[in-house]
Amino acid sequence: MKNGATHEFGYSGIWRQVTSLAENASPSVRADAGDTFKSSISHTWINDKRDYPLLPNSGYFFKTVSELAGWGPLKGDTAFWKSEAESQVALPFGDTGITLTAGLRGGLLYPMTLGGGSQPQASRINDRFQLGGPNNVRGFRIAGLGPRDGADALGGDIYAAGGASLLLPIPRVGKETPLRLQAFINGGRLLALKNPNSKKEDGSFSSSSDVTGAIQKSFSSLTSELPSCAAGLGLVYAHPVARFEINFSLPLVMRAKEEGRKGLSFGVGIEFL
């Protein structure tokens, strides 16, 4: 496009397995065990105006990903609409090499009916969002946020996460190098959609109006309660291939059953909160 944004369309047909369960696997994981086939179409939109995506000094970034599975002729044995949005802005402090970056992410998985049925399907563990880890909400273990059953992370259907980092040049190293000190704070919430009127333990849905009600209740919880969050200090190195981080993190707000990670953690990737 003329403004530099890119669009990507795709189709995927994926056979998935949840197998080789541990002896202490939770009932929730066992209920989703076995084979499933997902047939879906997707659209990705990216508008990246950052000067250097792995360690930006200025600019902004927007990305949306939407996926429609099991609707109409797509078939398969799972049906949902899944949408995720991400943004980041980088603000320089003059020519000092000091940069403030801030980012927001959010996502929703909307259960749909399969094959012309009337009852929306509950989401499956291999389709839900996961949150926590050194590449998104630092200070928590991988998949450490959100619903759990015993030791197992179950993922969630709706989430919001955000963070801010102050990046500073290392003394005597210089601002021209891709090496920075980092001070950060980040947090998020990950929730499962459950029908408050359902008498079943899994909170399943009997109609699309139940799904809408569950989304409204979950969104209210996202906006009215404090997110689980952590703060810390670290070292960032932006290699041409990937970004490397080593951080010391301290969880500040953590809910029951969530898994924080106080101390050092190492992350490598191309996307960080």
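A: Happy to! This is a predicted model. Let's start with Lys75, which sits in the loop between strand S3 (59–69) and strand S4 (80–92).

Q: Okay, what is the phi of Lys75 like?
A: Its phi is positive, about 60 degrees, although Lys75 is not a glycine. As background, most residues other than glycine have a negative phi.

Q: And what about the phi of Arg172?
A: Arg172 also isn't a glycine, and its phi is positive, near 70 degrees.

Q: Where is Arg172, then?
A: Look in the loop between strand S8 (158–169) and S9.

Q: Is Arg172 buried or exposed?
A: Arg172 counts as exposed because its relative accessibility is 92%, and the cut-off for exposed is over 50%.

Q: Changing topic: how many cavities of 30 Å³ or more are there in the whole structure?
A: The search finds 2 of them.

Q: Which residues line the largest cavity?
A: Its lining includes Thr78, Ala79 and Phe80, along with Gln121, Ala122, Ser123 and Arg124. By class, that lining has 5 nonpolar, 3 polar and 2 charged residues.

Q: And which ones line the second largest cavity?
A: Gln88, Thr101, Arg138, Ser165, Gln182, Arg243, Phe272 and Leu273. Here the classes come out as 2 nonpolar, 4 polar and 2 charged residues.

Q: Let's zoom in on Leu181. Where is it found?
A: Leu181 is in strand S9. At 37% relative accessibility, it counts as partly exposed.

Q: One more: where is Ser20?
A: Ser20 lies in the loop between strand S1 (6–18) and helix H1 (27–31).

Q: Why does Ser20 count as exposed?
A: Because its relative accessibility is 70%, and over 50% is what exposed means.

Q: What separates the C-alpha atoms of Ser20 and Ala33?
A: A distance of 9.0 Å, with the two residues 13 apart along the chain.

Key:
Residues numbered from 1 in each chain as written. Predicted model: local features only at pLDDT ≥ 70, side-chain atom pairs only at ≥ 80, totals over all residues. Heavy atoms only, no water. Helix = DSSP H or I, 4+ residues; strand = E, 2+ residues; numbered from the N terminus. Buried < 20%, exposed > 50% of the residue type's maximum accessible area, 1.4 Å probe, protein only. 1 Å grid on protein atoms, 1.4 Å probe; cavity = no way out; pocket = protein on both sides within 12 Å on 5 of 7 lines; lining within 4 Å. Points joined across faces, edges and corners; volume = space filled by probe spheres on them. Nonpolar A, V, L, I, M, F, W, Y, C, P; charged D, E, K, R; others polar.
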